[in-house]
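Here is a short briefing on one structure.

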Amino acid sequence: MEITSDFGKIPWYHFPSGVFVMKTFALIVFGCQMNVYDADRLRTQLIAEGWTETSQEDAEVLLFVTCSIREKAEQKVWSLIGRFQKKWDSQKKPYMAIVGCMAQRVGEKLMKRFPGIFMVAGPRHLGVVFSGIQKFFSQGEKSIFLDEDPRGLEDLHCPPLCRPNPWKAYITIAHGCDNFCTYCIVPYVRGRFQSREPEDILQEARSLIEQGVLEITLLGQNVNSYGTDRKDTWTFPRLLRECAALPGLRRLRFATNHPKDLSPEVISVMAEGAPVICPALNLPIQSGSDEVLKKMNRGYTVEQYASIISLLREAMPHVGITSDLIVGFPGESEEDFQSSLEVLRRFRFDLVHSAAYSPRPGTSSASMEQELSREDLFHRLHEVNSLQSKIALEKNEKLAGTLQDVLFDALAPRGENLLQGRTPTDKVVLVPGNEDFLGRFGKVRILSGEHWCLRGEVEELEPR
């Protein structure tokens, strides 16, 4: 027996009882900004096809956009899928689709273990996710879309028009990575580097601006490599200039950068492009030891990194610089670790994303011997976080009394009648206010600085 839905004929046996047509979904997103961008595009497509987004507990279909960067990220996904599988066992819903990096790495294993999963799709197969949904609910066939060709791409050509934040948006400008840092899983799950067509990027930006987006962040595993695989004159500096010149765009950011590829030209474009191009960037150092950096295959030394920091601060004295640091890479000695603490003191980053080393199967470093105990590993991580917290507090406290331009884009996660926004240098600012402030720029007098944010009061609010 069959029933007919918007997707065509659906075998009756898919449903526990009665007529049951899939129309509600929820997205569960893990990991980086690129996953947020992918989720926003999937959401846009599903809503355009007549689906309704709802809560995780009420959704008939769950789409997991997954991350493999660390073991902990994958463990969260395994645990959550297991919880929803129990619900599926008793109610035959929700059905689950797993997309992204973890799907690429262990997708077939996931599907074998959890009967509620009807599709797995790697990050370079986002364009066929919806057809996989249609195929399952019309024909009862599960789908496995894995990226067997690291240069192949079946992308979803859809701007992220349906987003939680109407004033800010992401645009991926390149797929994959060719750097092969020895600890990093990205080239194995996201494939080789491939620049997107510049006109596609610009048109996507125009669509977002027309919708009311004020701030766009350009994304890539290494945005500085944009255009290096092309034979024309499109480079990352040119793309930055073209995007910054789009009428109506108020702020432009980009992430993330690789120190070996961040050129003086990019720094010049940043300085020249103010106030649209924000004086802020993420520049991962990963270690303060040249020996460890070499083992990581990072392609630069600490002194080469230092020269880039000097160029940035000469061109933009108030530039906001964040970084990434890995603690406990295999073979990291006490001396190496002290060198990492020293670079924090030397460069005084605004924020550092720190992590204990996590071996990823298939990477070069996974076969390297780890001499540190788990206790020592996390002791070093604690030292890094304590030092960086002190530095961040000192830097933020010095901003008390200054007047900052802030785009208010969300209610503060904690605190009644508090709004959250960011400065051009990417500092989080909390102010008293109401929802009418959202989507507007304001001049904020900073009253105090904390470890992770600034607190202030609005002196002037830009009219709508």
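Helix α3 (residues 101–113) has 13 residues and should span 18 Å at 1.5 Å a residue; its end C-alpha atoms are 18 Å apart, so the two agree. The expected span is 1.5 Å times one less than the number of residues. This is a predicted model: local features need pLDDT of at least 70, side-chain atom pairs count only at pLDDT 80 or more, and totals for chains, interfaces and linings use all residues. Residues are numbered from 1 along each chain as its sequence is written, and side-chain values use heavy atoms, without hydrogens and water.

**Helix α3**
- A kink of about 75° is centred on glycine 107; the bend is the angle between axes fitted to the seven residues ending there and the seven starting there.
- Buried residues (under 20% relative accessible area, 1.4 Å probe, protein chains only) of α3 include Cys101, Met102, Val106, Gly107 and Leu110.
- Their cover includes β5 (61–66), α2 (71–91) and β6 (95–100).

**Barrel**
- In the order β17-β18-β19-β21-β20, 5 strands close into a barrel with mixed pairing; a pair needs at least two DSSP bridges.
- Strands β17 (residues 403–411) and β18 (residues 418–422) pair antiparallel over 4 bridges.
- Alanine 410 has glutamine 420 in β18 as its bridge partner.

**Nonpolar cores**
- The largest core has 72 residues; Ile216, Leu218, Leu252, Phe254 and Leu312 touch the most other members.
- A core joins buried Ala, Val, Leu, Ile, Met, Phe, Trp, Tyr and Cys through side-chain atoms within 4.5 Å.
- Helix α10 (residues 302–315) gives this core its largest share, 6 residues.
- Another core, of 26 residues, lies apart from it and includes Leu46 and Tyr95.

Key:
Helix = DSSP H or I, 4+ residues; strand = E, 2+ residues; numbered from the N terminus. Buried < 20%, exposed > 50% of the residue type's maximum accessible area, 1.4 Å probe, protein only. Contact = heavy atoms within 4.5 Å.
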